[in-house]
Amino acid sequence: QIFQPLHTLRAAEKELLPGFHQFEWQPALKNVSTSCNVGIINGLSGWASSVDDSPADTITRRFRYDVALVSALKDLEEDIMEGLRDSGMEDCACTSGFSVMIKECCDGMGDVSEKHGGGPVVPEKAVRFSFTVMSVSVLADDGEEEVTVFTEAKPNSELSCKPLCLMFVDESDHETLTAVLGPIVAERNAMKESRLILSIGGLPRSFRFHFRGTGYDEKMVREMEGLEASGSTYICTLCDSSRAEASQNMVLHSITRCHEENLERYEIWRTNPFSESADELRDRVKGVSAKPFLETQPTLDALHCDIGNATEFYKIFQDEIGEVYQKVSRSREERRAWRAALDKQLRKKMKLKPVMRMNGNYARRLMTQEAVEVVCELVPSEERREALRELMRLYLQMKPVWRATCPAKECPDQLCRYSFNSQRFADLLSSTFKYRYNGKITNYLHKTLAHVPEIIERDGSIGAWASEGNESANKLFRRFRKMNARQSKSYELEDVLK
């Protein structure tokens with residue numbers, strides 16, 4: 001069935017792609033056309049360009065957000081009906097009161113240029129924005145309780161992660177990125193105020209959408225929420241702590257930042273109502289120095305947390321091999337020698353090839369008790385070895401809590417002990433390893449120690465809301481872009497979007 005003439009393929013695609021199903025919004029969406037049969041559109045449509053707008057030299061294709069959501073719900077039609085039956089809800093009794101939880105992900109991808117040799121390599125970067133339907137619940141006409149009729153079992157699979165917009169933009173180019181995502185943000189805001197009427201199981205039903213932007217890495221969150229870049233003294237996207245504070249008090253912090261507050265702070269930054277000096281002003285707004293653009297949900301990105309902490313452990317391993325705790329200032333050559341020794345040992349005993357930039361797979365292999373034992377062979381003093389083993393043991397107790405899709409089910413014991421373990425971990429860092437944590441600490445380590453229990457209490461999970469689905473779909477994007485796209489630039493993104 002693959003080798004069919006193009007027109008039959010197109011017809012089949014039409015039914016599967018957004019833009020095929022009828023629906024309506026009540027009230028109608030502000031500034032969004034009411035037509036339903038909208039397929040792939042130019043990502044910049046929705047921007048009225050003025051005479052002096054510089055032409056955005058981005059190629060971008062997207063679905064209209066509401067049309068894509070309708071298509072995703074229609075894909076889940078059978079699951080929703082089955083959920084209604086299983087929960088004993090009379091099918092015809094439930095036509096209104098559905099609410100849908102959406103996870104949004106957005107991630108930049110480095111080098112996606114065509115590899116044809118010849119000529120200079122142009123830096124071609126892409127950004128993908130996608131969403132996942134996390135759950136559908138319904139409030140029965142007589143019931144007080146919401147009943148969940150569908151929950152995404154694999155929220156981090158690329159199969160449940162629907163692409164919404166593809167753009168050839170560098171994620172660091174804030175202006176272009178915000179220009180391309182602008183229409184998406186506008187549509188999303190319009191949908192928050194309205195209800196979707198869509199036929200599911202043969203009856204028109206009404207849905208409300210709740211959007212949670214959790215699938216962003218720290219760089220993207222800081223960019224969207226107007227915070228300074230990640231090297232800033234304000235190290236956290238969840239609380240106002242400075243790097244020095246976070247290294248003194250590692251565990252006791254609570255989440256204070258939110259989109260509204262960032263907007264207010266930006267206004268203060270812009271207007272400087274108290275006529276303060278730059279430093280005082282910056283301290284007042286805690287590092288918010290650009291206009292927050294897209295609302296994200298303050299959370300912790302599990303995948304990058306893994307990677308960030310593994311990088312940190314890798315550095316601790318090097319320092320321990322060189323016994324830095326005895327004398328901190330060491331020459332570059334010495335450090336290089338320890339690193340070489342560590343890489344050699346890991347390659348020999350663990351078959352771990354050194355990597356340029358830490359990646360997920362390397363992080364998973366490095367953060368094991370086995371790896372610590374291998375490293376300990378190079379550490380001279382027995383008590384330092386014990387400290388390293390203890391550090392890793394505590395870390396491995398903590399890790400499942402922010403990796404699990406449903407920690408209360410999958411690792412209840414570790415969840416209960418999390419605060420205790422993180423306190424012990426912090427004590428170890430600030431005593432035995434204080435040469436590394438004197439007045440500094442990495443962003444993800446701070447979040448791992450200080451914020452995990454609170455996020456879990458609020459959302460029930462960190463792992464389920466992570467950006468992995470989007471990250472693994474990036475791999476597919478590369479693949480499609482290289483092989484399967486109909487050979488012409490204008491088609492390419494459309495095919496990958498499909």
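This report covers the domains, a helix pair, the salt bridges and some backbone features of a predicted model.

## Domain layout

The protein chain divides into two parts. Domain 1 spans 11-223 + 466-497, and domain 2 spans 302-459. The C-alpha centres of the two domains are 36 Å apart. Nine residues from domain 1 and 11 residues from domain 2 make the contact.

## The interface between the domains

The size of an interface is often given as the accessible area lost when the parts come together. For domain 1 and domain 2, the buried area is about 710 Å². Carbon and sulfur atoms account for 42% of it.

On the domain 1 side, three residues stand out. R212, E218 and E468 supply 56% of the area that this domain buries against domain 2.

Three salt bridges are counted between domain 1 and domain 2. Elsewhere in the list of pairs, R403 and E468 join their side chains in a salt bridge, at 2.6 Å from N to O.

## Helices α13 and α15

Helix α13 covers residues 382-403, and helix α15 covers residues 412-431. Their axes come within 9 Å. They cross at roughly 145°. The crossing of α13 past α15 is left-handed.

Which residues of α13 and α15 make the contact? From α13 come A387, E390, L391, R393, L394, Y395, Q397, M398, P400, V401 and W402. From α15 come Q414, L415, R417, Y418, N421, S422, R424, F425, L428 and L429. By class, the contact has 13 nonpolar residues, four polar and four charged.

## Salt bridges

How many salt bridges does the structure hold? The total is 34. One of them pairs R270 with E267, whose closest N and O atoms are 2.8 Å apart. R270 and E267 both belong to helix α7. They sit three residues apart, about one turn of the helix.

## Backbone features in loops

The peptide bond from Q26 to P27 is cis. Its omega is near -15°. P27 belongs to the loop between β1 (23-26) and β2 (40-42).

Positive phi values occur at residues other than glycine. N272 has phi near 45°. N272 lies in the loop between α7 (259-271) and α8 (278-285). E323 likewise has a positive phi, near 45°. The loop that holds E323 runs between α9 (302-321) and α10 (332-350).

Methods
Residues are numbered from 1 along each chain as its sequence is written. This is a predicted model: local features need pLDDT of at least 70, side-chain atom pairs count only at pLDDT 80 or more; totals for chains, interfaces and linings use all residues. Side-chain values use heavy atoms; hydrogens and water are left out. Axes are lines fitted to C-alpha atoms, for helices over the stretch in contact, and angles run from 0 to 180 degrees between N-to-C directions. Helices (H or I, at least four residues) and strands (E, at least two) are DSSP runs, numbered from the N terminus. A crossing is left-handed if the near helix is turned anticlockwise from the far one by less than a right angle, and right-handed if clockwise. Contact means heavy atoms within 4.5 Å. Ala, Val, Leu, Ile, Met, Phe, Trp, Tyr, Cys and Pro count as nonpolar, Asp, Glu, Lys and Arg as charged, and the others, Gly among them, as polar. Domain bounds come from an automatic or database domain assignment. Buried area is the accessible area (1.4 Å probe) that two parts lose on being put together, summed over both. A salt bridge is a side-chain nitrogen of Lys or Arg within 4 Å of a carboxyl oxygen of Asp or Glu.
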